[in-house]
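Work through the exercises below with the model in view. Try each task before reading its solution.

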Amino acid sequence: RLKVIAIDGPSASGKGTVAARVANVLNRDYLDSGALYRLTALYARQQHINWQDESGVAVLAKNLPVIFHNECILLDSKDVTAEIRAEDIGMGASAVAALPAVRDALLQRQRNFLTSKGLVADGRDMATVVFPQAELKIFLTASATVRAQRRALQFGIANNGIEYQQILTDIEKRDQTDRTRLVAPLKPACDAKILDTSLLTIEESVEKVLDWYRK
Ligand code: C5P
């Protein structure tokens, strides 16, 4: 077993927040694997490489000039922490993440985040592909409407109206892409614990993960 807690799930499920807090409590490193796919999509756009160009994007993924520094992410020495969170970059991440050569190019980089300190890793395939020997595997979900509401709250958008509808549509579209792709589709590992957070607060979700960890 590896000293890794793997937390996978669909977009806006809250897995990033939960994973970061669990890492903090246990004094472990935290890997936001989605950021690597987002960085790859952004870097491809900057270099004028099409998101469908598998070999072109894979070369960029392999050589990402990225530095994770505290809460900041630097790409080519430029702070892109906020920029990679945009929804079009999320869609781009989902597009490049469907390309096998890109996933291969990022595999070792993700594994390198594990040190003797231990790791909490969040993504789509942490338990199934990157760390199949993880000591604890969680599949964190919430209903699409709850996820859309959380995202809307983040952006200060009301829970009705056209902007909210757009968020909901985007979330469902990205999930559909992630679930139906041929490589590393989004799905729980056979030995994952399923945590539906639709009715839970962040604190309750964190506690649940820590409960499982301590058992
Ligand atoms: O988690 P986040 O929304 O930042 O991830 C962006 C996209 O990157 C996801 O929609 C997914 O397609 C891809 N991804 C992935 N495998 C991971 C993490 C993210 O395919 N481990």
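**Exercise 1.** How far is an oxygen atom of the ligand from an N or O atom in the side chain of Arg38?

Solution. This is a predicted model, in which local features need pLDDT of at least 70 and side-chain atom pairs count only at pLDDT 80 or more, while totals for chains, interfaces and linings use all residues. Residues are numbered from 1 along each chain as its sequence is written, and side-chain values use heavy atoms, with hydrogens and water left out. Step 1: the distance at Arg38 is 2.6 Å. Step 2: at Asp125, a side-chain N or O atom lies 2.8 Å from a nitrogen atom of the ligand.

**Exercise 2.** Describe the salt bridge between Arg21 and Glu203.

Solution. Step 1: a salt bridge is a side-chain nitrogen of Lys or Arg within 4 Å of a carboxyl oxygen of Asp or Glu. Step 2: the N to O distance for Arg21 and Glu203 is 3.3 Å. Step 3: Arg21 belongs to helix H1 (residues 15-26) and Glu203 to helix H9 (residues 202-214), 182 residues apart. Helices here are DSSP runs of H or I with at least four residues, numbered from the N terminus.

**Exercise 3.** Are Asp175 and Arg147 buried or exposed?

Solution. Step 1: buried means under 20% relative accessible area, exposed over 50%, and partly exposed in between (1.4 Å probe, protein chains only). Step 2: Asp175 and Arg147 form a salt bridge, with their closest N and O atoms 2.7 Å apart. Step 3: both residues, Asp175 and Arg147, are buried.

Methods: Polar contact = N/O pair within 3.5 Å; in protein donor to acceptor, adjacent residues only side chain to side chain. Helix = DSSP H or I, 4+ residues; strand = E, 2+ residues; numbered from the N terminus.
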